[in-house]
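Please look over the sequence and model below. A short report on selected contacts follows them.

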Amino acid sequence: MTFKRKATPFAVLTVAALALTACAQSDRDEGTETTGTSDGGSSTFTFGAAGAPSVLDPFYATDGETFRVTRQMFEGLVGIKAGSAEVEPELAEKWEPDASGTNWTFTLRTGVKFQDGEPFNADAVCKNFERMFDQNDAGQVRGEYWANTFGAFKAKAADSLYKGCEAKDEKTVILSVTRPTSGFPTFLSLESLSMQSPKAMTAGKANEIAAQGEGFTFPAYATAPVGTGPYKLEKYDEANKTVTLVRNDEYWGEKAKNAKVVFKIIPDESTRRQELQAKSINGYDLPNPADWKGLESEGNKLEIRKPFNVFYVGLNPNKNPKLQDVKVRKAIYQAINREQLVKTQLPEGATVATQMMPDTVSGYNKSLEATKYDAAAAKAAITAAGGLTLNFAYPSEVSRPYMPNPQKLYQAMVTDLEAAGIKVTQSTKPWAGGYLDGVDAGAYDAFLLGWTGDYDAAANFVGTFFGNLAQNNFGLAKQTFGPTLAGDLAKADSIVDEAERTAAYEKLNQQIQEEYLPALAISHSPPALVVGDNVEGVVPSPLTAEEFSSVTVGGK
């Protein structure tokens with residue numbers, strides 16, 4: 001398995017892009033040749049999901065449970081090679097920049113249709129980008145991936161990386177950006193930036209999202225989205241907690257090998273295991289590490305992915321002004337016994353984090369040491385600050401790759417915090433039932449969250465967390481260091497030389513940990529998934545981004 005992919009240095013942008021395209025196109029073409037003659041099987045693959053999707057329009061999503069469903073239905077111009085973090089062509093066969101690195105010509109795959117029969121072409125690509133760019137206030141809050149990659153929406157066009165889209169002909173589109181960046185076009189592989197049917201979006205009023213309390217209401221389109229992928233939505237049965245996808249028989253590529261994929265939402269991990277044992281599901285994600293050996297001894301197949309994540313405590317100074325003081329933030333960090341937490345609550349192979357990204361990503365600072373557990377020092381600092389009460393939140397009804405049991409992790413941390421003299425007010429809501437919205441709305445002083453990388457780049461970790469002052473969960477606009485940090489991250493992202501860019505991110509990681517500390521990096525964990533002995537074709541992904549079109553059950 002190829003796990004690590006370096007960001008493309010600017011100095012070789014054109015060559016690298018063309019070389020990548022040639023190689024990946026060859027791989028894809030081999031599959032395409034069998035496309036028309038490949039008949040799909042008849043099986044149904046039923047997978048136990050740890051949480052409900054928050055919304056089925058991927059543009060407004062940020063969570064893995066939503067993307068687990070939508071990646072089966074949607075595709076982007078750029079894709080990720082199965083089992084790796086490497087980019088490959090998807091709906092675009094190739095791409096290349098001009099000499100300035102700001103105008104990128106994409107050659108689109110032909111013969112592709114959306115699941116509603118509408119053609120995929122250059123005009124559809126531009127309509128997608130214009131739709132994503134032109135969001136109302138609520139859409140700008142929920143369109144986090146656009147904000148984190150392109151920086152701003154149409155309302156603040158001068159601040160946006162996005163400049164425009166031109167359909168040269170049916171299969172040629174030029175996407176223009178305002179400056180060269182290491183992330184473009186790699187980040188077009190993000191699920192949120194997938195291509196969707198313009199006709200369906202217009203009919204379903206896709207952009208009519210609205211804020212409602214701490215959450216949002218979505219238009220009709222968000223319950224019936226239309227992509228180009230190997231599966232299409234049949235039904236999201238919220239009452240029975242299932243999402244059913246059916247094979248897209250008009251798919252341009254190799255047809256899915258099973259007729260249906262059913263996601264059965266089972267938040268409790270022990271219940272997921274019982275359902276696998278009862279064969280009412282064919283597999284599930286995030287089995288309890290304590291059950292790994294037992295699951296294998298029962299004949300199941302356990303796939304352990306390499307850690308490509310970070311689990312952290314987010315701090316919100318907008319909600320609690322005392323969190324503006326770095327001494328208070330450091331005291332909270334010192335109060336948490338992370339060695340013990342990793343040892344007792346996380347799977348074998350988990351490690352204490354020294355920074356907000358895993359050690360496989362370029363820009364990781366190897367010289368940093370983990371902040372040591374020091375309850376006495378933490379207590380003294382909290383006392384000097386006049387005490388501290390935290391409204392500290394965790395999500396219920398979910399397991400995450402970096403956080404297999406949120407409640408147990410939370411309880412262990414609260415015990416440590418209270419021992420250091422910190423008063424904790426507990427808050428919890430279901431993952432997709434208010435928790436994520438509450439974090440985005442700044443409802444909590446502190447919260448548990450994490451991140452599994454979308455691709456191998458520092459910009460996808462620290463750049464995503466801290467690079468956008470208007471779109472972050474850490475109140476950076478109110479921190480004195482916020483503009484400096486965001487500006488320095490933008491500068492690092494724009495450095496042409498790869499070695500210089502890596503050094504810049506290493507320095508920034510040190511500053512984030514030692515000077516700023518806007519969040520507390522806790523750990524990195526190796527997540528697993530498990531399937532029954534009669535399931536074939538699952539390709540585990542370090543990004544936890546498995547596609548299920550290659551799966552068969554019982555050889556059918």
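The report covers the disulfide, a strand, salt bridges and aromatic pairs.

This is a predicted model: local features need pLDDT of at least 70, side-chain atom pairs count only at pLDDT 80 or more, and totals for chains, interfaces and linings use all residues. Residues are numbered from 1 along each chain as its sequence is written, and side-chain values use heavy atoms, with hydrogens and water left out.

**Disulfide**

A disulfide is a pair of cysteine sulfur atoms within 2.5 Å. The count by this rule is one disulfide. Cys126 and Cys165 form it, with sulfur atoms 2.1 Å apart. The link is left-handed, at -80° about the S-S bond. Cys126 sits in helix α3 (residues 122-133) and Cys165 in strand β6 (residues 162-169), so the pair ties together parts that are 39 residues apart in sequence. Helices (H or I, at least four residues) and strands (E, at least two) are DSSP runs, numbered from the N terminus. Cys126 counts as buried because its relative accessibility is 9%. Buried means under 20% relative accessible area, exposed over 50%, and partly exposed in between (1.4 Å probe, protein chains only).

**Strand β1**

Strand β1 spans residues 44-49, and five of its six residues are buried. Two strands pair if DSSP finds at least two bridges between them. β1 pairs in the parallel sense with strand β12 (residues 260-265) over six bridges. Here Ala49 has Ile265 of β12 as its bridge partner. β1 also pairs in the parallel sense with strand β13 (residues 283-285), over two bridges. In that pairing Gly48 stands opposite Tyr284 of β13.

**Salt bridges**

Side chains of opposite charge can pair when their charged atoms come close. A salt bridge is a side-chain nitrogen of Lys or Arg within 4 Å of a carboxyl oxygen of Asp or Glu. The count comes to 18 salt bridges.

Lys127 and Asp123 are about one helical turn apart, because four residues separate them in helix α3. Lys127 is partly exposed at 46% relative accessibility, and Asp123 is partly exposed at 39%.

Arg179 is partly exposed at 31% relative accessibility, whereas Asp493 is buried at 10%.

Asp249 is partly exposed at 44% relative accessibility. Elsewhere, salt bridges that share partners join Glu65, Arg68, Asp285, Arg305, Arg400 and Glu546 into one network.

**Aromatic pairs**

Rings of Phe, Tyr and Trp (its six-membered ring) pair if their centres lie within 6.5 Å; planes under 30 degrees apart count as stacked, over 60 as edge-to-face and the rest as tilted. The whole structure holds 38 aromatic pairs. One of them is edge-to-face: Trp104 and Phe184, 5.8 Å centre to centre with 75° between the planes. The two lie 80 residues apart, Trp104 in strand β5 (residues 103-108) and Phe184 in the loop between β7 and α6. Trp104 is buried at 2% relative accessibility, and Phe184 is buried with a relative accessible area of 3%. Ring pairs also link a cluster whose members include Trp95, Trp104, Phe106, Phe129, Trp146, Tyr162 and Phe184.
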